[in-house]
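Have a look at the sequence and the model, then follow along.

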Amino acid sequence: MPFCPKCGYEYREEISECFDCGSELVASLPEQRLPNSDWVMLKRFRGTVFAEMACDVLRQHGIPTLAQNHFLTSAIGSTGTGFPGQEVIVYVREEDYPEALELIAGMTGDHT
Ligand SMILES: [Zn+2]
(Lines give C-alpha, C1' and ligand atoms only; values in the text may rest on other atoms or scores of the structure.)
Protein backbone atom coordinates (compact mmCIF):
# COMPACT_ATOMS: atom_id res chain seq x y z
CA MET A 1 0.00 0.00 0.00
CA PRO A 2 1.40 3.42 -0.91
CA PHE A 3 1.45 6.05 1.78
CA CYS A 4 2.31 9.71 2.11
CA PRO A 5 5.76 10.29 3.64
CA LYS A 6 4.63 13.65 4.99
CA CYS A 7 1.21 12.91 6.44
CA GLY A 8 1.57 9.20 7.05
CA TYR A 9 -1.75 8.50 5.38
CA GLU A 10 -2.15 5.25 3.54
CA TYR A 11 -3.86 5.05 0.16
CA ARG A 12 -5.17 2.52 -2.28
CA GLU A 13 -2.76 1.05 -4.85
CA GLU A 14 -3.96 3.17 -7.77
CA ILE A 15 -3.28 6.44 -5.94
CA SER A 16 0.12 8.02 -6.59
CA GLU A 17 -0.24 11.42 -4.95
CA CYS A 18 -1.36 12.48 -1.49
CA PHE A 19 -4.78 14.13 -1.57
CA ASP A 20 -3.87 16.20 1.43
CA CYS A 21 -0.49 17.71 0.54
CA GLY A 22 0.24 16.57 -3.03
CA SER A 23 3.35 14.62 -2.09
CA GLU A 24 4.35 11.65 -4.15
CA LEU A 25 3.44 8.50 -2.25
CA VAL A 26 6.09 6.00 -1.27
CA ALA A 27 5.84 2.26 -0.96
CA SER A 28 6.61 1.45 2.65
CA LEU A 29 5.41 2.61 6.04
CA PRO A 30 7.78 4.68 8.17
CA GLU A 31 7.40 2.57 11.29
CA GLN A 32 8.82 -0.39 9.40
CA ARG A 33 12.00 1.60 8.86
CA LEU A 34 12.20 3.28 12.23
CA PRO A 35 13.41 0.39 14.40
CA ASN A 36 16.30 -0.38 12.06
CA SER A 37 17.67 3.09 11.71
CA ASP A 38 18.77 6.01 13.80
CA TRP A 39 15.70 8.17 13.32
CA VAL A 40 14.91 10.32 16.30
CA MET A 41 11.79 12.26 17.22
CA LEU A 42 12.27 15.91 16.37
CA LYS A 43 9.05 17.49 17.55
CA ARG A 44 5.36 16.92 18.09
CA PHE A 45 3.16 19.22 16.06
CA ARG A 46 -0.44 20.18 16.62
CA GLY A 47 -2.04 19.71 13.25
CA THR A 48 -0.76 18.38 9.96
CA VAL A 49 -0.28 21.88 8.53
CA PHE A 50 2.57 22.77 10.87
CA ALA A 51 4.15 19.36 10.49
CA GLU A 52 4.08 19.68 6.72
CA MET A 53 5.55 23.18 6.88
CA ALA A 54 8.36 21.86 9.05
CA CYS A 55 9.00 18.94 6.70
CA ASP A 56 9.10 21.34 3.75
CA VAL A 57 11.66 23.56 5.46
CA LEU A 58 13.82 20.61 6.45
CA ARG A 59 13.74 19.08 2.99
CA GLN A 60 14.74 22.40 1.45
CA HIS A 61 17.87 22.06 3.57
CA GLY A 62 18.43 18.50 2.42
CA ILE A 63 17.22 16.87 5.61
CA PRO A 64 15.05 13.79 5.10
CA THR A 65 12.01 13.62 7.36
CA LEU A 66 9.38 11.17 8.48
CA ALA A 67 6.02 12.28 9.78
CA GLN A 68 3.69 10.03 11.66
CA ASN A 69 0.34 10.87 13.14
CA HIS A 70 -1.64 9.21 15.85
CA PHE A 71 -4.50 8.50 13.52
CA LEU A 72 -2.42 6.49 11.09
CA THR A 73 -4.30 3.23 11.49
CA SER A 74 -7.75 4.80 11.47
CA ALA A 75 -6.82 6.98 8.50
CA ILE A 76 -6.28 4.00 6.19
CA GLY A 77 -8.56 4.32 3.21
CA SER A 78 -9.55 7.85 4.09
CA THR A 79 -9.00 10.81 1.82
CA GLY A 80 -6.34 12.08 4.18
CA THR A 81 -8.19 15.00 5.63
CA GLY A 82 -6.42 16.09 8.79
CA PHE A 83 -8.22 16.78 12.02
CA PRO A 84 -7.62 20.18 13.59
CA GLY A 85 -5.42 19.68 16.61
CA GLN A 86 -4.30 16.29 15.39
CA GLU A 87 -0.90 15.43 16.74
CA VAL A 88 1.83 14.71 14.23
CA ILE A 89 5.30 13.53 15.20
CA VAL A 90 8.14 14.45 12.89
CA TYR A 91 11.28 12.32 12.84
CA VAL A 92 14.72 13.11 11.43
CA ARG A 93 17.93 11.13 11.28
CA GLU A 94 20.06 11.42 14.37
CA GLU A 95 22.91 13.08 12.48
CA ASP A 96 20.54 15.78 11.20
CA TYR A 97 18.87 16.39 14.54
CA PRO A 98 20.82 19.50 15.74
CA GLU A 99 20.44 21.29 12.42
CA ALA A 100 16.80 20.27 12.12
CA LEU A 101 16.06 21.55 15.61
CA GLU A 102 17.60 24.89 14.73
CA LEU A 103 15.60 25.17 11.51
CA ILE A 104 12.37 24.33 13.32
CA ALA A 105 13.14 26.82 16.07
CA GLY A 106 13.68 29.52 13.45
CA MET A 107 10.44 28.61 11.74
CA THR A 108 8.19 28.65 14.79
CA GLY A 109 10.01 31.40 16.67
CA ASP A 110 10.42 28.97 19.53
CA HIS A 111 13.95 29.44 20.80
CA THR A 112 13.54 27.98 24.23
ZN1 LIG B 1 0.42 14.11 2.40
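Q: Which pattern does the protein follow, read along the sequence?
A: The pattern is α-β-α-β-β-α, with three helices and three strands in the protein. Helices here are DSSP runs of H or I with at least four residues, strands are E runs with at least two, and both are numbered from the N terminus. A word on the source: this is a predicted model, where local features need pLDDT of at least 70 and side-chain atom pairs count only at pLDDT 80 or more, while totals for chains, interfaces and linings use all residues. Residues are numbered from 1 along each chain as its sequence is written.

Q: What makes β2 and β3 a pair?
A: Two strands pair if DSSP finds at least two bridges between them. Five bridges join β2 to β3, so these antiparallel strands meet the definition. Thr65, for example, stands opposite Val92 in β3.

Q: Why are β1 and β2 said to stand at the edges of the sheet?
A: The three strands form an open, antiparallel sheet in the order β1-β3-β2. β1 and β2 each have a single partner strand, so one side of each is left without a neighbour in the sheet. Neighbouring strands are turned by 25° against each other on average, direction ignored; the angle is taken between axes, lines fitted to C-alpha atoms.

Q: Why is Leu103 called partly exposed?
A: A residue is buried if 20 or more other C-beta atoms, placed from the backbone, lie within 10 Å of its own, exposed if 12 or fewer, and partly exposed in between. Leu103 has 19, so it is partly exposed. Buried residues make up 31% of the 112 residues in the protein.

Q: What makes a set of residues a nonpolar core, and which members touch the most others in the largest one?
A: The set must consist of buried Ala, Val, Leu, Ile, Met, Phe, Trp, Tyr and Cys residues joined through C-beta atoms within 7 Å. The largest such core has 22 residues, and Ala51, Ala54, Ala67 and Val90 touch the most other members. Elements giving two or more residues to this core include α2 (48-60) and β3 (87-93).

Definitions and conventions
Axes are lines fitted to C-alpha atoms, for helices over the stretch in contact, and angles run from 0 to 180 degrees between N-to-C directions.
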